[in-house]
Amino acid sequence: MPRKYQYTYTKVQVQASSSKYEHPGSWKRSANIADRRMYQVALWRGPKFFAEVTAHMTPQASPYSGDYVIYVFEFTDHYSYVGLTFKPEQRYKQHMKSGPVFEHIKLCPTFEYKLLETKLTSPSSAIDAECRWIDEYAKNWTPINTAPGGGTGVVRTAWTPRMCYDSAQHYATRKAWYLGDQTAYTHAHRLGCFEACVAHMPRYDKSKRKWA
């Protein structure tokens with residue numbers, strides 16, 4: 001459904017649809033096409049509207065029943081990446097495809113992957129543990145983390161221009177930054193600090209057909 005039709009439906013109609021579901025995820029993945037449409041309408045109307053029509057809902061439990069894990073990549077050039085996840089195998093594969101670890105492997109392909117802590121059962125204890133390990137490694141290693149600790153998948157980080165700038169410094173080109181850390185790249189645009197973040201990166205001069 002084109003986004004221009006988001007105001008075709010009234011709030012009462014959207015609420016009537018949302019009232020059938022206990023979780024936002026259930027509403028989003030409903031087998032009823034009309035209800036899925038209403039979910040999109042609620043999103044398009046903005047965070048405040050969405051919060052109002054889902055006020056009766058509760059967050060859906062994670063399909064993963066295991067514990068959180070704190071891990072680290074120790075590179076032989078003495079750089080490190082400390083992370084937090086509840087799906088270590090899946091997260092490891094993601095690191096091998098994109099992100100700061102993927103980019104640093106190009107510079108230093110030898111590293112050791114370690115599990116620092118396991119069996120962390122609550123998000124709060126996992127966040128505290130990750131932040132503690134990041135600080136500990138920063139004493140003797142050069143961190144390549146491009147975002148602060150605390151990303152468990154249920155806790156969102158409030159991005160700042162400084163965080164975007166710090167992320168950009170790990171990349172030589174805009175394309176490399178986009179491929180390596182799309183989250184920071186996107187927030188830099190939203191926060192209006194993109195040009196400052198990429199000031200050290202070369203810009204392609206179309207008129208001269210060469211990199212400036």
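I started with the sheet: β1 and strand β3 (residues 111-120) pair in the antiparallel sense over seven bridges. Pairing here needs at least two DSSP bridges between the strands, and strands are DSSP E runs of at least two residues, numbered from the N terminus. I looked up one partner in β3, and V72 bridges to K114.

A note on what I'm reading: this is a predicted model, with local features needing pLDDT of at least 70 and side-chain atom pairs counting only at pLDDT 80 or more, while totals for chains, interfaces and linings use all residues. Residues are numbered from 1 along each chain as its sequence is written, and side-chain values use heavy atoms, leaving out hydrogens and water.

Next I checked the other neighbour of β1. Strand β2 (residues 79-85) runs antiparallel to β1, joined by six bridges, and V69 sits opposite T85. Three residues lie between the strands of this hairpin, where H78 has a positive phi near 70 degrees.

How covered is β1 (residues 68-75)? Eight of its eight residues are buried, meaning under 20% relative accessible area with a 1.4 Å probe, protein chains only. Y68, I70, V72 and E74 are on one side, with V69, Y71, F73 and F75 on the other. I remind myself that side chains in a regular strand alternate between the two faces of the sheet.

Then the helices (DSSP H or I runs, at least four residues). The axes of α1 (residues 11-18) and α3 (residues 33-44), lines fitted to C-alpha atoms over the stretch in contact, come within 9 Å and cross at roughly 125 degrees. In the contact (heavy atoms within 4.5 Å), I find Q13, V14 and S17 of α1 and D35, M38, V41 and A42 of α3.

Note on methods: Axes fitted to C-alpha atoms, helices over the stretch in contact; angles between N-to-C directions. Buried < 20%, exposed > 50% of the residue type's maximum accessible area, 1.4 Å probe, protein only.
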